[in-house]
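Morning, everyone. I have one structure to walk you through today. Please put it up on the screen.

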Amino acid sequence: MGEKCQKSVSKNVCDLKAMVNAQNRRIDELIRYIKDGCSAVNPADLNWTICNLNPYIECLNPDILYHLTLDTKTTDFPKVFGDVRFVCLGGTGDRMNKFANFIIGEIGLTLSMAVQLIDISAGGHRYALYKAGPVLCASHGIGGPSISILLHELIKLVYHAKCQDPVFFRLGTSGGIGLEPGTVVITTQALDSQLRPAYEVVVHTKPQLWPTTLNQTLAKELSSLSDPCEDGYDTVLGKTLSANDFYVEQSRLDGAFCMYTPQKKMCFLQQISKMGVANMEMESTAFAAILHQAGIRAAVVCVTIVNRNDGDQIDTPPDVLKQFDLRPQILVARYMRKVLFKCDEDIVEGCPCDPVPECN
Ligand SMILES: O=P(O)(O)O[C@H]1O[C@H](CO)[C@@H](O)[C@H]1O
Ligand SMILES: O=c1cc[nH]c(=O)[nH]1
């Protein structure tokens, strides 16, 4: 047997052992519940709360999550969503459907051939929502306003469902700065178009700046799970510029309007690159700020589909783009497997050093 093959067999054996151990633990837990009843689960043990949550939610009976076509009267949230550990977001419904089907296999679940995952929010015609065991997968559309609405409703969903310390991921595409297309970027800091580590929210005409702090422990943990030699592509940590537009705000020369020269464009790319910006996309500030506000751990993992130093048009062939789409998913799947199967005791679930806003 070749060395590569041997490595792959022992990796599969390790994964299988971890899966069996995890299932045994789950069976032990279930036996305990059957013996002791549900009272065995003391709500006080659920040592996690959403920070800064709207106090008026308690007055809503039912609470209608309009864009997700869910409400607390007709859906038993704890029963349907209580087991959710990870919430994954990406731009399109198609990507999130593929991810949901992919992650099922990755975390050792099976779906009968005759069964298809259903889009829970199909009726709203806005966002797609799939549940793959403990992984909730949703599409967010394009830009801050779109992802912001989805996040409000998803945060309320995990709250109503009493989910335990869920982790949110954005699995996206981006334009890389000086990076080979196909490189995966894990965001360390999200910057807005004015290069502020902030997301601007206007309340009663007054702008508020919400910090876009991302969990550094989680970002490093994800980075440690990449293996450029094995993967065949690089995964890097870097800052992400989150723009409100694909064209002018990202200094493209191929939009309907352009009020700068190619030289000015290159100057801008050099300036942000010197600041440590690795890529540009359109949701990371909203995503980071809203989840930081809630005290929820979150990470942004985006593949680059163009090197902006070389051009602006996305001319990467569709089959290559499909392959690229998978790369953030593969990395996040590795993280989930480690957390779920606990094969690596080094995984830090939440780190007291990571700043989260004070809960009232
Ligand atoms: O591929 P997704 O996740 O949609 O992300 C990127 O692609 C879109 C622009 O084409 C923006 O939403 C940007 O953030
Ligand atoms: O260049 C790019 C590519 C994907 N998404 C963006 O927002 N920009």
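Start with the overall layout. The C-alpha centres of domain 1 and domain 2 lie 32 Å apart. Domain 1 runs over 18-46, and domain 2 over 48-341. These bounds come from an automatic or database domain assignment.

A word on what you are seeing. This is a predicted model, where local features need pLDDT of at least 70 and side-chain atom pairs count only at pLDDT 80 or more, while totals for chains, interfaces and linings use all residues. Residues are numbered from 1 along each chain as its sequence is written, and chains are lettered from A and ligands numbered from 1 in the order in which they are written.

Next, helix 3. Helices (H or I, at least four residues) and strands (E, at least two) are DSSP runs, numbered from the N terminus. Helix 3 covers residues 93-106, 14 residues in total. Its buried residues are Gly93, Arg95, Met96, Phe99, Ala100 and Ile103. They sit on the same side of helix 3, because they cover an arc of only 150° around the axis. That arc is taken from the directions from the helix axis to the C-beta atoms. Buried means 20 or more other C-beta atoms within 10 Å of the residue's own; exposed means 12 or fewer; partly exposed is in between; C-beta atoms are placed from the backbone.

What does the buried side pack against? Strands 3, 4, 5 and 6, plus helix 9. On the face turned away are the exposed residues Asp94 and Gly105. Just after helix 3, Gly108 has a positive phi of about 80°.

Now the annotations. An unreviewed UniProt entry marks a "binding site" at Arg126, Arg170, Leu171, Gly172 and Thr173.

Take Leu171, in strand 6. Leu171 counts as buried because it has 24 C-beta neighbours inside 10 Å. Its contacts (C-beta atoms, placed from the backbone, within 7 Å), leaving aside neighbours within four places in sequence, include Phe99 and Val332. Thr173 is also in strand 6.

Last, Gln250. Where is Gln250? In the loop between strand 10 and helix 7. Arg252 lies in that loop too. Is Gln250 buried or exposed? Buried, because 22 other C-beta atoms lie within 10 Å. Arg252 is buried as well, with 20. Beyond four places in sequence, Arg252 contacts Tyr247 and Asp312.

Technical notes. Contact = placed C-beta atoms within 7 Å. Expected span 1.5 Å × (residues − 1). UniProt positions renumbered as here; feature names shortened; annotations may be inferred.
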